[in-house]
Amino acid sequence: MFTRSGTSPAQAPERTTGPSDPPPRRGTRLRTVVVALAAGTALIAGLVFAARTVLRDDDGDGAARPSGGVFVTAKSSGKVIGEGSRPRRFEVQVEKGTGVDPERAAAEISAVLADKRGWTRDRRHSFRLVSDGPSDFQVKIATPATVDEICGKAGLDTHGEVNCDAGTQIMVNLKRWNTGSPEFSGPISGYRALIINHEVGHRIGHGHEACPGKGKRAPVMMQQIYGLKGCVANEWPYDAKGRYIGGPAVP
Ligand SMILES: [Zn+2]
């Protein structure tokens, strides 16, 4: 609160004679030149900074993406997983700045594909992790903004939340990879298996499936993140005995 007679802290102190006084009149012209030069330099620096800022934000979402969508490919290559005669070659790529270790992610994804409840159970499909050369598909773990951008170009709306299968790219939303889904109560490793099995399922030709009945296991090709419709969450295409866990095809 201010009072009429009081002095506001913002008020300038009264001027007194001292070392900070203006210099004698003789130096005024020189000082004007120096000030003008300094102002010019500041203006140029400002313009350069502005130009750099514009270039950095040229793609419109520079602030939302820590690395501008730069991916690092896992260097490890694996042996063939499964018995299919023509292994599908896949790469694992992680967007820079996400904090996900590409090698660990590649090992985790390979283990999902190699699991006896996974797609290789049918003995028709096989996969091989590669780090260069041609690949049939790429599993990319990226920030929600980058996932939206890449999936959006394929005409899919991932709205910062979900994964997608775009061309040869399996786009995994970092949020899902790290935190799972409210519809999935198991450990994060289970949810990661669901992500991989669902999207790889699309790569090998499977469409969406619905819940086959109350209390039954949800098919891996069901979009479980949008609700279980009475089913129980499940991340594997096959059960331990090798029976396919399916449901009615979604048109
Ligand atoms: Zn799907």
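**Exercise 1.** How many helices and strands does the chain have?

*Solution.* Start with the ground rules. The model is predicted, so local features need pLDDT of at least 70 and side-chain atom pairs count only at pLDDT 80 or more, while totals for chains, interfaces and linings use all residues. Residue numbers start from 1 along each chain as its sequence is written. Helices (H or I, at least four residues) and strands (E, at least two) are DSSP runs, numbered from the N terminus. On that basis you get five helices and seven strands. Now put them in order from the N terminus: α-β-β-β-α-β-β-α-β-β-α-α.

**Exercise 2.** Find the strands that are joined to β7 by bridges.

*Solution.* Strands pair if DSSP finds at least two bridges between them.
- Take β5: five bridges join it to β7, and the two run parallel. Here Val-139 sits opposite Ile-170 of β7.
- Now β6: it runs antiparallel to β7, with three bridges. Ala-166 is opposite Gln-169 of β7.
- Last, check the turn: the β6-β7 hairpin has two residues between the strands, and Gly-167 there has a positive phi near 65°.

**Exercise 3.** Why is β7 largely enclosed by the rest of the structure?

*Solution.* Call a residue buried if 20 or more other C-beta atoms (placed from the backbone) lie within 10 Å of its own. Five of the five β7 residues pass, so the strand is largely enclosed. Next, sort the directions: Gln-169, Met-171 and Asn-173 point one way, Ile-170 and Val-172 the other.

Terms used: A residue is buried if 20 or more other C-beta atoms lie within 10 Å of its own, exposed if 12 or fewer, and partly exposed in between; C-beta atoms are placed from the backbone.
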